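Here are a few notes to read alongside the structure.

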Amino acid sequence: MDKNAIEQAILAMARDPELLEQVKAQSSRAPELVGVDQEWAETILSGNRDRLRAIGLNDGLTILVSRWFNDDLGDAASQGGFLVDDSQPLPNPDVPTGVVFAGGCSHVPDLLARPEIDPPDAVARLLDGYDRLKRDIAAADPDVILVTADCHFQSFATGHTVIGTGAGHLGSMEFFKRGDLDLSLTGRPDFARELAAAVRGAGLEVEEADRVDLDHGLIVPLRLLLPRPDLPVIPIITQPHRSFSPFNARRFGEALRGVVAESGLKVAFLATGGLSHWLDPGHFGGVDVEFDTYILKLLETGRGLDLCSLEPYPLLAHGQYEIQNWMIMLGLIGPGVHGDVYTYEPMEASGGGWTVVAMDLARARAERSAAVGAGAS
Ligand SMILES: [Fe+2]
């Protein structure tokens, strides 16, 4: 059942109380009356907002089905649970030509600055995950790597996502008493400006910055993962404290698809950050294993883009302050790509649920070829 058909059915019943009563009286007639099958009609009529949210309908729309369709003033039919709804068929993958690697990992500073605060076995498993990812990136042999992180200490002119257009990028982990953990990267100004132009061309805001001072957001993952020191890196820095928008993050990634495909370059994309953690006073140290597990299951089942349909409230409430960084990557590679979770470690001392994930582009391309061979587009 198509998500848009379900949305249209809700709107049709919201506009027409008689139609709503007809469907309520005889849900078996839902296909002819509102264009959805009986099961989905009953999901709507039961006020099951959790399932409707799971397929990407926004909360402002689905509150109609409980508080107005059923006059359930307490919105009692939904538990607020997060479901991975696999009743919808996965779209055919369509990874842009030129993308040779996509994945994500955390960038927790303690992992390099003071790993002794966390359990040694968990630290070892996490580092093993980075080792696997490093081998993947090296095997992909990219010409350039785009890396997302969120703004921690830099000060940019706008609240938009920033693309680093400098010829080089420098920084150290001096703020974490470890100025010795430094990094000097080569940039790729021409391609960075092309990326920014593509984002602008898609109607989105973007800030080009010649100077992006490196902090742990790039230093931690790239000290662990960069296959060679001269591999050009383009930093993409989100600013969740100024502009948190899952929708725009996905669109940002999608806007890069054409320019990446046409670049002739082998492009790697590494998303960094998260999963759950809270920076705000009074909340640091929590880990939301249940929500992190939900995200990882979405990634594993090829439904990562469904995350981008969620509103800011649930994401921020569950500590997903940095998830936009991953959504840009997901927007770039498109739907139906399965993630391989190399490791997930909830670590309270360093304050979050840390993970390493590789997106299986080879499988996606094979599935795409099979679908095209079978006559799909
Ligand atoms: Fe961070």
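**Notes on the fold**

1. Let's start with His-338, which sits in the loop that links helix 15 to strand 9 (339-347). Please keep in mind that this is a predicted model.

2. What does His-338 touch, not counting residues up to four places away in sequence? The partners of His-338 are Glu-300, Thr-301, Gly-302, Asp-360 and Arg-363. For a sense of distance, Val-289 lies 49 residues from His-338 along the chain, and the C-alpha atoms of these two are separated by 20 Å.

3. In soluble globular proteins, nonpolar side chains tend to be buried together.

4. Val-147 is worth a click. Leaving aside its neighbours within four places in sequence, Val-147 is in contact with Leu-218, Leu-222, Val-233, Pro-235, Ile-236, Leu-270 and Thr-272.

5. Is helix 11 (residues 246-255) mostly covered or mostly open? Helix 11 is mostly covered, with seven of its ten residues buried. The buried residues in helix 11 are Asn-248, Ala-249, Arg-250, Phe-252, Gly-253, Glu-254 and Ala-255. Among the elements that cover them are helix 9 (189-201), strand 7 (233-238), helix 12 (257-262) and helix 15.

6. Finally, have a look at how helix 1 (residues 3-15) packs with helix 6 (residues 59-68): their axes come within 10 Å and cross at roughly 50 degrees. That angle lies between the limits of 35 degrees for roughly parallel and 65 degrees for roughly perpendicular, so helix 1 and helix 6 are oblique to each other. Their crossing is left-handed. Glu-7, Ile-10 and Ala-14 make the contact from helix 1, and Leu-61, Leu-64 and Val-65 from helix 6. By class, this contact of helix 1 with helix 6 has five nonpolar residues, one charged residue and no polar ones.

Definitions and conventions. Residues numbered from 1 in each chain as written. Predicted model: local features only at pLDDT ≥ 70, side-chain atom pairs only at ≥ 80, totals over all residues. Axes fitted to C-alpha atoms, helices over the stretch in contact; angles between N-to-C directions. Helix = DSSP H or I, 4+ residues; strand = E, 2+ residues; numbered from the N terminus. Parallel < 35°, antiparallel > 145°, perpendicular 65-115°, else oblique. Left-handed = near helix turned anticlockwise from the far one by under 90°. Contact = placed C-beta atoms within 7 Å. Nonpolar A, V, L, I, M, F, W, Y, C, P; charged D, E, K, R; others polar. Buried ≥ 20, exposed ≤ 12 C-beta atoms within 10 Å, placed from the backbone.
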